[in-house]
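Colleague: I'd like to learn how to read a model like this one. Could you take me through it?

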Amino acid sequence: MNRIQQFVYRQLPLVATAVVLAILFITAAILYEGFFTWGVFGNILADNAFLGIAAIGMTLVIFTGGIDLSVGAVIGFTSILTATLIVGLGWPPPLAWAAALACGATLGGTMGWLIHGFKLPPFLITLAGLFFARGVGFWISTESVGIPHATYSGLAAFRLDLGFFAVPFSALVLLFVVLLGWCLGHYTRFGRNLLAIGSNEQSALLMGLPIGPTKITAYALNGFFAALAGIVATLYTGSGNPAMGIGLELDAIAVVVIGGTLLSGGRGHVLGTLLGLLIFGTIQMALLFDGRLSSWWMRIVVGALLLLFILLQRALLRKRN
Amino acid sequence: MAEKPAPLLVRPREHSPAWWPAGGLLLLLIANAIVNPGFLGISIVDGNLYGTPIDIFNQGSRVMLLALGMTLVIATGGIDLSVGSVMAITGALCAVLLNQGVPMPLVLMAAIGTGVVTGSINGLLIARFGIQPIVATLILMVAGRGVAQLITEGQVLLIRHQAFEFLANGFIFALPFAPLLVLALYVLTRLVLRKTALGLFIEAVGDNERASHFAGIAAQRIKGLAYVFSGACAGLAGALATSHIRAADSYRAGENMELDAIFAVVVGGTALTGGRFFLIGSLVGALLLQTLTISMYNFGVPPAVAPVPKALLIVAVALLQSERIRRGLAARFRRKAVPA
């Protein structure tokens with residue numbers, strides 16, 4: 001019992017997120033017939049898979065007290081890069097994926113190096129990263145490129161059949177990334193270093209933690225995950241599009257914050273990001289089921305939720321201090 | 001004999017950082033003129049001035065206006081991500097009110113008033129509740145566009161109103177009206193900030209909020225006011241945007257404008273860490289940005305690629321402002337200056 005109390009106390013934002021998700025999901029299930037099914041749940045996961053993958057990377061960066069505005073642009077860039085390499089140059093898909101992942105990680109690592117090495121504001125450098133990746137994406141091609149490839153249609157149609165629930169492929173990738181992020185963020189020395197840097201960089205330095213390598217790795221990992229999200233997006237849409245993911249970085253940050261991670265760094269949980277994503281997806285799906293409410297309500301509701309969670313976090317922090 | 005007290009409010013004369021973007025702007029203009037000698041040409045049509053340089057001022061006027069407000073916010077050590085969405089809201093509001101026959105002065109007051117209200121929300125969250133500026137303004141950035149779409153019900157609203165269209169498309173004394181309006185606002189802002197202690201207060205709050213609080217400055221109020229001013233600028237910019245295209249497009253109006261405004265401010269020499277600001281630098285930065293975009297057409301590069309030089313420019317400016325590079329450069333120059 002004591003352990004449970006301790007967990008609830010330590011992870012109060014996470015618990016609050018879970019409660020909100022439960023309320024939202026149950027309300028939607030009561031209001032809309034056929035909402036409470038595995039098929040709908042699978043669609044929520046699959047529709048938001050690339051947002052979720054990018055948000056997991058964003059969580060790691062936000063743990064260090066940083067931010068990355070470039071993820072949406074990196075998704076657009078890697079999706080058109082993958083499509084062009086496969087269709088235009090005839091590369092086999094795995095090779096194209098490897099190239100895209102390497103590009104994403106390199107861009108992320110470079111931004112991390114600039115941020116750490118020259119003590120530059122993450123906001124500004126990743127803003128430059130956004131412009132750069134978006135521009136290069138449109139440089140490769142200004143139009144969307146379809147990928148008529150057997151591997152692609154095969155993977156896109158693939159479902160892992162659990163008997164009661166056929167998990168779509170992109171949802172599988174998302175769940176794998178969440179698992180990876182969870183282990184990395186909470187069960188490794190690297191994850192503890194991230195949180196230590198985020199809560200107080202000076203103390204982390206005095207404790208002798210490898211600040212530079214940790215921060216640069218966090219940004220490189222985020223770039224890697226963003227590239228992976230771009231690849232999943234090509235699978236999901238069957239094409240590469242340089243305009244993909246415009247404004248996605250905002251949704252990713254919103255999902256992370258709704259998931260209970262502090263934007264000032266040092267506190268949070270990777271699983272919270274998954275819950276935040278499910279809240280996001282549930283609202284989207286509920287609006288779709290309703291049909292009367294227009295799409296712009298999505299943005300207003302997400303903004304209201306952001307406000308609610310930020311004020312909640314603020315109140316919790318004040319109480320603790 | 002008592003020593004003469006040191007003058008308190010003397011600002012050390014220094015090299016204005018606005019020279020950097022001004023130099024960059026000049027280089028870019030020269031490069032453009034070499035590629036296309038007609039680039040700098042200005043002609044007179046119907047008694048009004050036309051030409052690419054006029055276009056740069058005209059197109060850049062909205063970012064200049066946003067940059068004016070953003071400069072003060074950044075000087076307090078904050079940031080305002082919501083200006084683009086606020087533009088969308090006020091642009092939509094203008095179109096709806098005009099189409100209902102509301103007189104234009106009221107429409108403009110409504111636009112600026114809405115900007116003041118949204119700015120107050122930001123200011124309240126940041127100054128009163130102590131929420132980080134990025135997060136607090138992110139809320140309105142996300143929700144604001146939804147509100148704008150709610151106002152226009154997802155439609156692109158066309159307007160027909162001569163006086164209102166004059167705002168962004170009209171000419172006065174052969175010169176375009178919108179840039180003149182922005183310049184007038186700049187002069188007014190500069191007078192208010194530099195001829196009173198307000199500018200100094202803003203810099204003090206941005207430099208060290210605690211210290212300024214102990215020095216008796218109402219730090220919270222100053223911070224809040226900066227966001228209100230930024231909101232008002234965004235409100236007016238939204239009206240200008242609607243006037244410019246003679247329609248309110250709640251999906252695209254002000255899209256990425258917050259990033260352009262921040263970019264203009266940083267290029268103009270105001271560091272994101274706050275504590276100092278250079279209004280004229282921000283205006284020159286906004287012009288540089290607009291020239292960069294127009295140059296892309298001139299150089300025959302697809303305009304969608306324009307973000308790449310923008311990105312390189314930001315990194316270069318950020319590096320020039322970084323402590324490590326500055327110290328390295330200073331050491332190099334000193335070594336040269338003192339040959340032992």
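Colleague: Over which residues of chain B does pLDDT stay under 50?

Modeller: pLDDT is the predictor's confidence in each residue, from 0 to 100. In chain B, residues 5–13 stay under 50, and the model has four contacts for them beyond four places in sequence; contact means heavy atoms within 4.5 Å. Chain B averages a pLDDT of 83, with 93% of the residues at 70 or above. As for the ground rules, this is a predicted model, where local features need pLDDT of at least 70, side-chain atom pairs count only at pLDDT 80 or more, and totals for chains, interfaces and linings use all residues. Residues are numbered from 1 along each chain as its sequence is written, chains are lettered from A and ligands numbered from 1 in the order written, and side-chain values use heavy atoms, leaving out hydrogens and water.

Colleague: What ipTM and pTM does the predictor give the complex?

Modeller: An ipTM of 0.79 and a pTM of 0.85.

Colleague: How many helices and strands does chain A have?

Modeller: Those are DSSP runs, numbered from the N terminus: helices are H or I, at least four residues, and strands are E, at least two. Chain A has 15 helices and four strands.

Colleague: What percentage of chain A counts as buried?

Modeller: Buried means under 20% relative accessible area (1.4 Å probe, protein chains only). In chain A, 57% of the 321 residues qualify.

Colleague: And what does the C-alpha trace of chain A span?

Modeller: About 60 × 55 × 35 Å along its principal axes.

Definitions and conventions: Buried < 20%, exposed > 50% of the residue type's maximum accessible area, 1.4 Å probe, protein only.
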